[in-house]
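Subject: Structure handover

Hello,

Here is the structure we talked about passing on. Please open it next to this email and follow along.

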Amino acid sequence: MNKNTEFSNKTTLIVGLVVWAVVFTVYNLTKAPTLSFWDCGEFIAAAVKLQIPHPPGSPFYILLGRIFALLPIASDLAVRINLLSVFSSAGTAFFVYLSAVQILKMSLNPVRDFLNQLIVYGGAVSSAFLAAFAITNWNNAVEAEVYGLSMMILTSVFCLALLYWEKKGTFFSDKIMYLILFITYLGVGVHLTTFLILPVISFYFVIEKTTSKNVWYLLGTFFLLELYLIFAFSSKPNEISFYIPTLIVFLFFLFYVFSYEKIKPVYLAIGGTLLVSSLPVVGDLLNASGNSSFKSITSILPIVGKLGFASLLLLGIYFFFIYWRSRTTKDIKQHHLIASLFALVSCLMVLFLFPTHGFDAYKPFFILTAFLILLFLLRFAKQINWLNLIAIGGVSLVMIGVKPFFIGMLVVSILIVGLGLFKKIPGWKNALMIVVVAFIGYSTHLYIPIRSQQNPIMNENNPGESAQATIDYIERKQYGSMSMTERMFKRRGTWQNQFGVHRHMGFWGYFQNQYGTNKVSFLPFFIIGLFGIWEVVRRRASIGVPLLLAIFLASVGLILYMNFADGTRINPQTGQDYLEVRDRDYFFTPAFIFFGLAIGIGFAFIVHTVKEWAGKRIKNLTIPVTAASALLFFAPILALANNYSTASRANNYIAYDYGWNLLTSADKNAVLFTVGDNDTFTLWCLQDVYDVRTDVAVVNLSLANTKWYIKQLPTNLNVRTSWSEEYVDRMRPYRDQNRTYFGMSDQVVSEIIKQNFANRPINFSVTVPESRWKYYGKPIDSLMSLKGMVWRMNRSGGGPKVDVDSTLAFLSNPERMRLTGIDDTTIHKDATTMRLTKNFARTFIRVADTLQKAGLTEQAEEIVERAVKKVPHALDALYYLADMYSKNHSEAKLLNLIETSTRGDINILKSYLGRLYFRTNQHDKSEAVYLDLLSDNPSNRDAFDDLLRLYFDKRDPVKMKQVVQTWIDNNPGDPQMNDLLRSIDKEFERIKNNPEKR
């Protein structure tokens, strides 16, 4: 190793460690000081006490989390687990940086001087910071979730793969390959997302390093075609127009042809026909604009597109004929072949849109995939390491299932040993080592059945019950669902919503907001990222194609694989639609990380281009001009600044307080029914980690739909039932003779009440819908009374009511009801937090309503005022307070509320002022308020109704008719108002003729 190389490696490491330290510091400053909502509480409790969380269990994360729980790095156990994410996610930034350095050095082949060092290290640091401060990755980095560790593993594998490719053929290359396979399968024990990169980088292990770039292009085409097949086979009839695939091919065609300095005429011909056949998409965009003046253009574009498509097909056949004929001469028309492939592949993709829809595409897809793989292998047989391919193919069956994985390992091991010993094929030991290290990495899954058999309190799915139970658990069949790969072909949402902007699941909606950007400012970042990918593909296909495929698999691939529900597709079994219950952006974290890497690389290529231009045109100013363009490397500051407040969990104790308030509200030794993740996992964490109210048995009604959980009620939760395990195995949802539906959880609630009500309290969390308060199908509302944040089941009846004394004592004691930080504007509160904490305000309102009815007006106002102050985003409390002031004639208080309120609709608050004036016979003031509201919004129906009521009370038909006519003029789509005008005339005519019946 020469001194220049050694110095370069030292510089690379030093800069990388600085990157890690900076990112670690930011993450550490913004980490959660305790548990967070969703799965965090469950994972913390599972790690601290080595328990079994929800499938697939994340065994390596739990084991590593246990180690972090033992380290004296923080006084709070939850913080220690949070630090695992902080440490790991900083590691992700480090490996992104190293990957970018590798890519830029291999793509640019720079001579080591100041400007080239600036370009390489500046681009790499920019990549690392963009990936680190992308909002989704940052959110995962500061709380106890599996994604921080899984992303570090994924990016480390990608980085090692680049190093392997650079060193392939040396003494250490096989050792690097073993390490990559081991880490990958270790990562499967964290989250299956870590496996995402293996199909891409495995080509490094099976293809010779001397392989031409055209082979890499074909590999990329194969992967992209596979994604397209899933897209086409899972589409509904006529859901995808013919020009969509031609548009996709056209975009990739542009990437390809612009890699040449001079474009060949054959490519101009194909490009022109691709463009014409894609023109109907312009019509779609014009139609979406709503401008009818484009109607004549949009009506003809589909015809033009079809003519273009026909021309494309003919050109493709013609160019392939020219290529085939040229093979008999020395002048082989290679460009004609490539041009024909672009044309014919696009036509083939259109053909795939028209299979017999409604058939099960799962098996046909794999058959077609196997056929395409076979064609590729036969074509490039001499450039493939067959033993490595066999080994990797066998262990890759983990994506399909546990049984295929173990069978595959056994079969390929026997095959490899046989070929090595009997056919004397060299390299068989290396291939066998691939299987061995994959098995060792995957072996952390043995934790699941071993620990489950010891029956910890949290033992979800009871996977230790049998080998099949373990397999079902690892394959995520908690609720009896089909495998994820099979479910890909049964779409649960429209393509527009899954790929676009849609609540809780639209990919582009998340993508455009990642780097401190919005839908407008993201566009230059997106273009620069594409430019970076294109440059790497053009300069070094063996590096660029895997990077491109990694981004596609992490975005398009995961959109297809996860198949998120958008609430528009009806389940044929339940007859209901389904929308994802929370934002699913975290599944796309690899895409956001890799694209951040691409943006930084794009910056580097831009600066490199400026340097090359300046060196030719203004040589004396090369350094200052290049340095000025290097300001692009500071772009991550935008992500850091704009995402900081949103990603920060510093001083956020809301999840802890939420669980605390539910648990401490419960009666001693109570059975407490909860319904979702956030009102359950937070409670588990407080009980298992903080020893808060361990006397309370938390029964989750969602899990109560599963038989394994029902069996655990008496053993793990000490909740009495009379059911044997054999009885539970026979349980089914049913309808009684009155057609009343009894789901599994309905039966569980009734059985628990029956067996436990006599000797222990029965409580329902305020999060449980009142429709679930049933005992053998009969409502038990009359037996319920509110105590703090739970409903207590009583014997006295007369409910539902509020236990005013105990609930007031709870609400007024800050040590009992904790509301830390909910009113702190510096603490970011996402939609989930806002929704959950509104339950606190509703509890205040319920108590205030009881006090108000009892005539304790002043006390009622005080309790709602506290709700508005402590939970300011709960607008129902704000409007309830305004309504109270209005009904209690508290004019000064209402005026002050209107003047000082920074939330809610000011017009709604003013409407309560108008009603106050009406109630106190200040009709002129009331009229002025309503007229002002209607002037501001002529479609304000509440103000209109109140003003009409005011005029009716004053017996003023002229103004009544006037206000109705004004309403009709401003709201012509309200046909009932003409009938109202006639009714007004009739009513006042009646009053006029019968004054004594006024």
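Start with one definition: two strands pair if DSSP finds at least two bridges between them. Helices (H or I, at least four residues) and strands (E, at least two) are DSSP runs, numbered from the N terminus.

Now the ground rules. This is a predicted model, in which local features need pLDDT of at least 70, side-chain atom pairs count only at pLDDT 80 or more, and totals for chains, interfaces and linings use all residues. Residues are numbered from 1 along each chain as its sequence is written, and side-chain values use heavy atoms, with hydrogens and water left out.

**Confidence**

pLDDT is the predictor's confidence in each residue, from 0 to 100. The chain has a mean pLDDT of 90. In 95% of its residues the value is 70 or more. Confidence is highest in β1, at 98. Helix α44 (residues 976-993) is lowest, at a mean of 71. Over residues 1-7 the pLDDT is below 50. Beyond near neighbours in sequence, that stretch has 4 contacts in the model (contact means heavy atoms within 4.5 Å). Where pLDDT is low, the predicted coordinates should not be read in detail.

**The whole chain**

The chain contains 44 helices and 10 strands. Its C-alpha trace spans about 110 × 70 × 65 Å along the principal axes. The radius of gyration is taken over C-alpha atoms, and the globule rule is 2.2 Å times the number of residues to the power 0.38. For 998 residues, a compact globule would come out near 30 Å; the chain has 33 Å, which agrees.

Of the 998 residues, 54% count as buried. Buried means under 20% relative accessible area, exposed over 50%, partly exposed in between (1.4 Å probe, protein chains only). Now take the contacts with a separation of 6 or more: residues 24 or more positions apart account for 72% of them.

The chain exposes about 44500 Å². Carbon and sulfur atoms supply 60% of that. These areas come from the Shrake-Rupley method with a 1.4 Å probe; for residues, only the protein chains shown count as cover.

**The sheet**

In what order do the 6 strands of the open sheet lie? The order is β2-β1-β5-β9-β8-β10, and the pairing is mixed. The edge strands are β2 and β10 (801-802), each pairing on one side only.

Begin at β2. Strand β1 (residues 671-674) runs parallel to β2, and 4 bridges join them. F673 has V699 as its bridge partner in β2. T674 has N700. Between the two strands the chain passes through helix α31 (residues 681-690), and this β-α-β crossover is right-handed. That means that, with the strands pointing away from the viewer, the path from the first strand over the helix to the second runs clockwise.

Move on to β5 (residues 762-765). β1 and β5 pair in the parallel sense over 3 bridges. L672 stands opposite N763 in β5. N763 also stands opposite R792 in β9. β5 and β9 (residues 790-793) are antiparallel, with 3 bridges. F764 and W791 are bridge partners there.

Next comes β8 (residues 784-787), which pairs with β9 in the antiparallel sense over 4 bridges. M784 stands opposite M793. β8 and β9 form a hairpin with 2 residues between them. In the turn, G788 has a positive phi of about 65°.

**Buried faces**

In a regular strand the side chains alternate between the two faces of the sheet.

**Helix α31**

Why is α31 largely enclosed by the rest of the structure? Because 9 of its 10 residues are buried. Among them are F681, W684 and L686. Their cover includes α2 (40-49), α4 (77-108), α30 (654-665), β1 and β2. D691 follows α31 and has a positive phi, near 55°.

Best wishes
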